[in-house]
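Keep the viewer open and follow along.

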Amino acid sequence: MKELTCIVVGGGYAGINAVKAIRKTFSSEAHQFLIRIVLIDKNSYHLRKVLLFKPAAGNDDIIIPLARLFPEGIELIQATVTKIEREARRLYYKDSEGNENFINYNVLVMTLGSIIRKPDTQQGGVALASLEEAQKIRETWRTNLKKAVNEINTQERQRLMTIAIAGAGISGIETSAELAHFVRKDAQQLGLIPSDVKIYLFNMNKRLFPEGPAKVGVKLERAIEACGVTVIHDCKVLEEREGALTLSYGKTMSVGLCIWTLGLLPNPMLRSIGMPVNSDGYVIVDESYRVQDAQDVYSIGDCARIVDPSGRADGKTCKEATAQAARLAKILAADLTGRPAPVHKGFIDFFCFGLGPEQGIAWTRKWGIDVIFTGKLGWRMRKVTWDLASLLK
Ligand SMILES: Cc1cc2nc3c(=O)[nH]c(=O)nc-3n(C[C@H](O)[C@H](O)[C@H](O)COP(=O)(O)OP(=O)(O)OC[C@H]3O[C@@H](n4cnc5c(N)ncnc54)[C@H](O)[C@@H]3O)c2cc1C
C-alpha cells in the first residue's frame, strides 16, 4: 500500500473538519493509500472564533486543544508556516520555540482562514479580534462599573456605564446582546441600576442583516432592543478618544468603552508564503478546490475564493467551511485514484444568531419560503451549529 503524506495547515473550522473527513474517507478499506495526516497550526488549540464575544462578556472557555480533538492517528505540529515550495512539494515553518524546519508533502490542504479587520490605532477603542482583546474588553467594562459605584458626577457615571459597538454584522449583534445581559447583571450585583447600562450598536447600513430578508433584520433588531441594546442605523463610528466617540454625522457621544467588530479580511500571510491569490487576497482555486498552478495543493475555508457553477461566491462562515471540508475529502480520493472529482456546490441560505443566554434567531430559505426560528429554539439551533463545527458532537 502506498503511503502519502497529507498536510493540513490551519486548525480552524475548515482545517479540523478537513482532517476528520480525510481520515474517515481514507480509513475505508477500499482505498489503496495509507494516509499520514499532519495538522499544522500556529496555536496548539482550535479557537472557536464564532464565540469570541463570549469571553468579552463572561468567562467562557472557547479554545479546544487540538490534541483533545485528535488524541490519536493525526500528527500535530504547532508552528507557523512561512513558505511553500510548490515544485519541491515542501513546506517551511517556524515552531513555537523559533526553530525553522521543513516538511515534504504529497498532498497539501491550506486552510489559513481570515483575520479580523481592525481600525487604525489612532481610532482608539478595542477590536474584538483575539482572545486577549476579548479579555481586555471584559476587564475594561468591569473596571468601569467598579469606578461607577463611587462616582458622584452623574454624567461621568453614565459615561462609565455606556458601551458602543461599532459594526453590526453577526459579531456585533451577538456581542451587543451578550454584553447587555452580563454587564447589567454585574451592575446589579454592584448595587448600580441595571437599566443605567447603555449599549449602542452602530450600523453603517440602513438595517440589520442585509444578507437576508428585511423581516429577519426587523426581528433581530426587536430581539436585541428587548435585551437593552439601542441600534443606530446609517451611522459610522469614526474614532474613540479619551471616552469621546465621534460619529459620521458629526455628533459625539461619551462612552466608557468602544468595541470594534468590523468583519474579516483574507489572511495576509497567504501572499508572503507563496500562494497564488486574486486581487482581493484570496487563494485562487478551481471548482474542486485545487489551487492554481500548484500540483496536489488544495484550499478551502475563509482563505479561498470559492464560487459555485452559477458564479456565486461562497460565504465566509463556518457552515461553508464545514461543507467544503467534507467535499474536499471526496475530491482527494477521486484525484488520487484518477476518477472524476466532485465539484463545489453552494450551501443553502442559513444564518443563526445567539442573542444572549438561551436566546437566538435562526433563518433559512427553502423553496423560496423563509423559515425563522426564534427564542430558545433559535438558540438551540445556534448551539448545535457551533458544536458541530468544532467537532464537539
Ligand atoms: C468575531 C467573529 C464572529 C463570527 N461569527 C460567525 C458566526 O456566527 N457564524 C459563522 O458561521 N461564522 C462566523 N464567523 C466566521 C467564521 O469564524 C469563519 O468563517 C471560520 O472561522 C472560517 O474557518 P477557517 O478554518 O477557514 O478559518 P479560521 O477559523 O480563521 O482558522 C484558520 C486557522 O489557521 C491558523 N493559521 C493562520 N495562519 C497560519 C500560519 N501561517 N501557520 C499555521 N497556522 C496558521 C490559525 O491559527 C487558525 O487556527 C465569525 C468570525 C468572527 C471573527
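This is a predicted model: local features need pLDDT of at least 70, side-chain atom pairs count only at pLDDT 80 or more; totals for chains, interfaces and linings use all residues.

Q: How far apart are the end C-alpha atoms of helix H6?
A: The expected span of a helix is 1.5 Å times one less than its number of residues. H6 has 20 residues (170–189), so it should span 28 Å. The model agrees, with its end C-alpha atoms apart by 29 Å.

Q: How many of the residues of H6 are buried?
A: A residue is buried if 20 or more other C-beta atoms lie within 10 Å of its own, exposed if 12 or fewer, and partly exposed in between, with C-beta atoms placed from the backbone. By that count H6 is mostly covered, and the buried share of its 20 residues is 15.

Q: Which element gives the most to the side of domain 2 that touches domain 3?
A: The chain is divided into domain 1 (2–116 + 265–347), domain 2 (121–262) and domain 3 (349–393), with bounds from an automatic or database domain assignment. Counting contact as C-beta atoms, placed from the backbone, within 7 Å, 16 residues of domain 2 meet 12 residues of domain 3. Two elements give two or more residues to the domain 2 side, H6 and helix H7 (214–227). The top contributor, with 7 residues, is H6.

Q: Which residues come nearest to the ligand?
A: Near means a C-beta atom, placed from the backbone, within 6 Å. The shell takes at least three residues from each of domain 1 and domain 2, and H6 is among the elements that supply at least two. Of the 36 residues around the ligand, the nearest are Gly10, Gly12, Gly113, Gly301 and Thr317.

Q: Which residue in E6 stands opposite Thr80?
A: Strands of a sheet pair through backbone hydrogen bonds, either parallel or antiparallel. E5 (75–85) runs antiparallel to E6 (residues 90–95), joined by 6 bridges. In their hairpin, with 4 residues between the strands, Arg89 takes a positive phi near 50 degrees. The residue opposite Thr80 is Lys94.

Q: Is Tyr298 buried or exposed?
A: Tyr298 is found in strand E20 (residues 297–299). Leaving out residues up to four places away in sequence, Tyr298 touches Val109, Tyr289, Arg290, Val291 and Leu328. Because it has 26 C-beta neighbours inside 10 Å, Tyr298 counts as buried.

Q: How many Å apart in space are Tyr298 and Val109?
A: Along the sequence, Tyr298 and Val109 are 189 residues apart. In space, C-alpha to C-alpha, the two are apart by 4.7 Å.

How values were computed. Residues are numbered from 1 along each chain as its sequence is written. Two residues are in contact if their C-beta atoms, placed from the backbone, lie within 7 Å. Two strands pair if DSSP finds at least two bridges between them.
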